[in-house]
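The sequence and model come first.

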Amino acid sequence: MSLPSALKQLSNVFSGSPLSQSASASEVALPDPADAPTGVQLSGNIISATFLTPYTIGYRRQAGATDNKHVTWELTPRRGSSALYDTLKHLALKENKWSHTIIGWTGEISEVDQDSKYNPTQHLQNSRLAQTGNPPPAQVAIAGKPTPPSALSARSKSYITPPPVPIVGDGDDRMTMKGDYSRVRTEEEQNPCVSQEERDELQKTLGVKCKDVGWDKIRAVWLGDERDGRICLTNMDRWMAYAEKVLWPTFHYIIPQTFPIAEGATLREKDWWKDYNKFNNAYADEIMKTYTPGDIIWIHDYHLLMLPEILRKRLGRDVHIGLFVHAPWPSSEIFRIISHRKQILTGMLAANMIAFQSETYKEHFISCCKRILGFGESLDKDGKITGVETYGSHCAVHALPIGIDYQKVRTAVTNPDVQDNMDKIQKGYGDRKIIVGRDRLDSVRGVLQKLRAFERFLENHPEWIDKVVLIQITSPSSLIESQAIELKVSELVSKINGRFGSLHYTPVQHYPQYLQPQEYFALLRVASLGLITSVRDGMNTASLEYIICQAETHGPVILSEFTGTAESLHDAIIVNPTNTAQVAFEINRCLTMSLADKKSHHKKLYDYVTTNTSQAWNTKFLRCLFDELERNASHPITPVLDFQKFLDAYKARKQRIFMFDYDGTLAPIVQDPEMAIPADRVVRTLKRLAQEPGNSVWIISGRDQKFLSTWLGHIDELGLSAEHGCFLRRPGATEWENLAEMMDMSWQKVAEAVFQKYTEKTAGSFIEKKNIAVTWHYRRAELGLGRHMAALCHKEMVEALAPWPVEVMEGKANLEVRPQALNKGEIVKSLVRDMKESFVFCAGDDRTDEDMFRVLNQLEDEEVLKGDVFAVTVGPSSKITEAKWHLLEPSDVVDAAGICAGVVDIADLAARGNEEKR
């Protein structure tokens with residue numbers, strides 16, 4: 001058939017096919033910046049923070065130059081992450097009415113040989129390919145038998161042993177060894193550095209390049225050791241170390257005990273963690289250069305998990321941050337292995353919204369927040385989990401699986417070059433069925449599991465021998481284990497081909513290389529079955545591309561249940577890749593499936609893929625983020641304590657009173673309550689504050705007398721209130737007053753009996769019997785069990801104690817029973833009764849402290865208090881509280897006290913705040 005007639009036939013084929021039809025949902029428009037929720041100000045700018053820029057970057061010295069003063073930059077499209085980059089490019093479309101900036105790391109920058117020509121397809125080449133390894137399959141022409149397609153078989157190479165210095169050649173060769181290696185390289189060549197002028201030149205090059213291909217703006221993040229204002233380009237892989245050697249393996253269930261011995265012996269996690277934070281801070285520095293109030297900052301993946309918190313500290317509450325984690329998220333039992341688990345979780349929770357590829361990954365993340373940080377989840381009216389509550393603040397959490405650019409894939413699939421390659425492949429394999437797989441070569445992609453299943457399939461169904469081939473395309477992995485796995489794959493391929501193959505039949509065709517797009521899509525179109533057996537994966541885009549390519553032939557796809565895609569593609573053939581018998585059975589079922597069944601399966605899959613595109617994903621993400629921003633805007637925001645105003649008011653009044661809660665206010669919350677002892681700085685600050693003339697300082701705590709006497713009783717000038725106001729020790733006194741002395745305490749035995757019942761049912765819980773109150777703690781219990789039992793216990797306790805004037809209070813991982821008439825609010829009322837024109841400061845962090853704030857507000861409204869009142873809650877600004885000011889953590893409360901006591905300089909606090917912002 002001539003090429004013109006072939007193209008005409010191709011046009012006819014697709015003119016009425018699904019490939020020629022645009023999916024309406026893929027055209028879903030992004031929400032307009034003008035559609036911002038009430039109370040939310042948007043600038044119309046989106047800043048996308050990605051691990052890498054969309055281009056690989058190389059530099060070429062001018063002929064004869066041996067320094068870096070005469071270099072030109074060369075950019076080639078970066079391979080991989082096509083779904084992400086397609087999504088970001090959609091944001092830059094003019095009709096979307098958004099201005100879009102990508103901020104990404106330059107990645108490792110390499111020198112391009114002076115004599116080689118610029119090759120725009122260099123990104124498709126595997127720079128680790130060598131000329132050694134497995135020989136290509138035999139191409140001997142045998143009568144009546146097809147010959148393998150030259151486009152694939154001519155490039156079957158191994159990358160176990162890379163060449164000394166791989167250089168891109170002038171011709172069609174993928175790799176050659178051209179170049180002069182006899183010359184001694186200068187210091188500049190061996191340790192290249194980039195000046196500010198050269199970095200500015202690259203930024204200009206990026207600006208021109210991105211405009212040409214439809215991007216909006218791209219800004220490069222530079223990282224490296226500085227030498228006289230120049231950034232060195234050596235040892236750049238250090239910036240990936242923590243993400244690639246700690247986070248990636250753990251997220252894919254490769255726990256540290258299973259790391260290769262050679263790597264495990266040299267783990268330098270402390271240094272890696274420092275570099276990881278420097279990496280995230282470098283992004284924050286670059287974002288600050290372009291950020292304007294109202295911008296949306298969209299952060300992508302596990303390399304930047306600390307960035308939300310860094311930006312929140314620098315830009316404040318009003319910055320709009322969304323985070324999408326493309327990688328799978330592990331269960332809490334796996335994630336808790338990471339030593340910096342708490343820092344990572346709190347860093348992420350500074351975002352307004354976090355999204356994952358699947359509902360399972362979302363649930364795993366929320367479980368981590370609950371079990372590791374002790375946070376609770378938020379629920380909608382239907383009981384569905386919508387986010388994480390961080391003691392007043394809220395972070396929305398969603399499952400939003402990413403899609404692919406349907407229009408782009410459709411255009412690529414209908415390219416005439418694809419048909420040419422299809423003809424070559426079909427001519428090479430004849431009537432044989434083709435099973436296709438494309439994976440990165442590491443332990444989680446399931447290549448070995450796939451080969452074992454295919455071997456079992458040929459064992460169980462010998463009738464398919466010489467009638468089916470498995471074409472497996474692999475690309476290299478950055479993991480050290482990749483080389484060992486490639487050796488195992490080669491051995492297993494040889495074993496299968498030796499058992500079931502012959503001179504004219506090779507059951508497994510393994511090609512460790514990258515394919516040109518026209519080759520790749522041709523292979524997907526001629527295949528009879530797509531086989532994906534990952535043992536842990538995020539979103540597998542190959543399965544989505546295969547479904548689009550099968551619009552005419554309706555080939556089924558077998559998909560591992562351990563990929564994030566499996567939860568979206570419900571109508572795919574879902575398998576457990578470790579169950580080789582099951583996978584073998586499904587391979588046979590798919591190959592023998594009737595055309596009607598194929599069409600039925602494929603239609604549902606095709607409808608999903610063409611509806612849930614990358615464009616639709618953009619829209620879903622932004623709309624969910626808008627919902628969360630609207631939620632935040634509708635909640636009252638408590639301003640941070642103005643230290644200057646606070647100090648001026650303190651100096652202006654001669655009579656002053658300070659009232660502090662203890663746990664969570666002066667001392668951090670800890671797992672064991674007995675370990676929450678006051679730091680030396682807290683004790684010294686309180687003593688100095690209490691000794692100031694005109695000051696009255698009180699600790700109003702739920703702690704018992706023994707604890708307060710032991711750790712703070714030596715400060716004679718300090719007033720103490722124990723058990724939420726049941727006991728008082730006034731300044732200068734040594735004896736405690738029992739305010740509940742005349743009350744009926746017979747309820748205590750009933751309360752103890754109920755608590756004892758639930759202590760026996762809840763491992764790790766315990767009862768704390770104070771002089772008056774009785775408290776049941778479940779902080780050490782398994783989180784889910786503790787909360788469930790606490791809810792049951794609370795209900796039973798309220799019913800059991802109905803005859804007595806007591807209340808059952810819910811605290812932080814505890815329940816407490818105490819008299820209704822005695823609480824912190826009543827103590828505060830008695831202490832400030834005669835301080836009408838005074839300075840009043842009250843700080844607390846939990847529900848029991850709200851009684852104090854409520855009383856102070858009431859007294860102000862009634863004009864009983866006409867002085868300066870500072871009711872301060874400890875926690876985020878979005879926390880729902882009766883207080884009118886907030887401080888983030890206990891150390892800030894101690895600083896506030898220190899300012900008044902003269903032990904903290906307010907100027908130092910301002911300088912520290914500026915340093916944190918930087």
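Is Cys 726 buried or exposed? Cys 726 is buried, at a relative accessible area of 0%. Buried means under 20% relative accessible area, exposed over 50%, and partly exposed in between (1.4 Å probe, protein chains only).

## Basis

The model is predicted: local features need pLDDT of at least 70, side-chain atom pairs count only at pLDDT 80 or more, and totals for chains, interfaces and linings use all residues. Residues are numbered from 1 along each chain as its sequence is written, and side-chain values use heavy atoms, leaving out hydrogens and water.

## Cysteines

Cys 842 is also buried, with 0% relative accessibility. The structure has zero disulfides (a disulfide is a pair of cysteine sulfur atoms within 2.5 Å).

## Salt bridges

There are 44 salt bridges. Each places a side-chain nitrogen of Lys or Arg within 4 Å of a carboxyl oxygen of Asp or Glu. One of them joins Arg 440 and Asp 442, at 3.1 Å from N to O. Arg 440 is partly exposed at 31%, whereas Asp 442 is buried at 2%.

Arg 653 pairs with Glu 837, with the closest N and O atoms 3.9 Å apart. Both sit in loops, 184 residues apart: Arg 653 between α22 and β22, Glu 837 between α27 and β31. Helices (H or I, at least four residues) and strands (E, at least two) are DSSP runs, numbered from the N terminus. Glu 837 is partly exposed at 45%.

Lys 495 and Glu 455 form a salt bridge of 3.4 Å, N to O. This pair links helix α16 (Lys 495) to helix α15 (Glu 455), 40 residues apart. Lys 495 is partly exposed at 44%; Glu 455 is buried at 8%. Salt bridges with shared partners connect Glu 455, Arg 456, Glu 459, Lys 495 and Arg 499 in one network.
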